[in-house]
Amino acid sequence: MTSAATTDVPTTTEHVPPKGEILSLTGLRAVAAIAVVVHHTELPPSAPEWMAKIAQCGFIGVPLFFMLSGFVLAYNYPALSPRSGWRKVVRFWVARVARVMPLYWVVLIWAVCMREFKGIPQDSSLPLHFLGFQTWSGDLNVGAQMYNAPGWSICVELFLYALFPFLVPVVAYAARRFGVRGLLALAGLAFAVQLALWAVFVINGNADLPAVDPNSAHRWLYRNPLTRLPEFVVGMCLAFLLVRGVRMPRLLAHLTQAAVIAFVLVMCATRDLTSGPLGAAFFGTLWTIPFGLLILSLASNRGFFAWFLSVRGMVMLGTASYALYITHRGLLPAFGRGYVESAPGHWGYVAVLVVIALALAVAEGAHRYVELPARQWILKAADRVLKPRASSGR
């Protein structure tokens, strides 16, 4: 997906991160992206039930990405505001589009070509996909399955990017006026909104509706950009807490990371409901607090998981995580997903590893030769256009 613990290389003074890259959060992106790949690949039929359930829950990497996105943007752009100048805001928006859309469009064009090759007519929703508006559709096929399925979350990210310059001054004011307590209160309010939305869907019975129903919890609590705002704001509050010097003690960081990992694995391994209250909570509400604690502990650069995620290999995977996320689904058939389902015995697990390795190789190439060059070209072009004109004097 699109969040990054690194930033675009600044070419103007409007972007001065308070500190350098948080390596553990870059590595965390790799874990989230690989979880989504495993979710889409699935495990061989011979896999134990608990293991298959964990793999099927890989989609929870998506709400983690949204929270990380809020954290990283607030960490790197804490002073962004329309009052600081529209030139800076526009440059921010251009940088965000440059970050996600070039590779998104390349993969979409690939999907269009594949449909032509297979003789499948193009859908009338294609313009929505090119604009990144598809997830606003109530049609599940349009919003989350047509063309490149993971692209729906890019639509959500674009919405969050658009609102960020107006949200960050609010979070900054809470930090400046009320300090840590204000940030915790704002994060608590955001989570309360998310919890209330979940409760409404449960009480009204919408949590039991199938995903194809436009009124289902899947449609609203998982895919709708509006309902992803709370966890995005929570991520922003966490960033301001970090900037204000809030750190987890080393022992607490160890315990937090172990507890969160155990909680995620147990909840996923014992998950029996795909609908109802628990199923609806899996779309985000269940994870906001544990993921928030995990992010804060990792950002404190303490704990065993922070060390693991900061090793060079994990950071490299995390750097290309967006490319992995956006490219893997359309390429799974070519990589032989069917072999995973039909492979005998332990060979199915080997097939899963081969699929993931191939997906990682493609992602690395896409990151180096499409994502980075396109981003740099767009940013340079934008800086030429947005560069303030020198005032002429006599």
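Predicted model: local features only at pLDDT ≥ 70, side-chain atom pairs only at ≥ 80, totals over all residues.
E42 sits in the loop between α1 (23-41) and α2 (49-56). How accessible is E42? Its relative accessibility is 35%, so E42 counts as partly exposed. Now look at the backbone: phi of E42 is near 70°, a positive value in a residue other than glycine. That deserves a glance, because most residues other than glycine have a negative phi.

Next, jump to N301, in the loop between α12 and α13 (304-309). N301 isn't a glycine either, yet its phi is positive, about 60°. Is N301 buried or exposed? With a relative accessibility of 55%, over the 50% mark, N301 counts as exposed.

From there, select helix α12 (residues 288-299) together with helix α3 (residues 61-76). Their axes lie 10 Å apart and the helices pack at an angle of about 45°, so α3 and α12 are oblique to each other. Turn the view and you'll find that α3 passes α12 in a right-handed crossing. Which residues make the contact? On the α3 side, show L64, M67, L68 and F71; on the α12 side, show T288, F291, G292, I295 and A299. Colour the contact residues by type and you get seven nonpolar, two polar and no charged.

Last stop: two cysteines, C155 and C237. C155 is buried, because its relative accessibility is 2%, and C237 is buried too, with a relative accessible area of 1%.

Key
Residues numbered from 1 in each chain as written. Heavy atoms only, no water. Axes fitted to C-alpha atoms, helices over the stretch in contact; angles between N-to-C directions. Helix = DSSP H or I, 4+ residues; strand = E, 2+ residues; numbered from the N terminus. Parallel < 35°, antiparallel > 145°, perpendicular 65-115°, else oblique. Left-handed = near helix turned anticlockwise from the far one by under 90°. Contact = heavy atoms within 4.5 Å. Nonpolar A, V, L, I, M, F, W, Y, C, P; charged D, E, K, R; others polar. Buried < 20%, exposed > 50% of the residue type's maximum accessible area, 1.4 Å probe, protein only.
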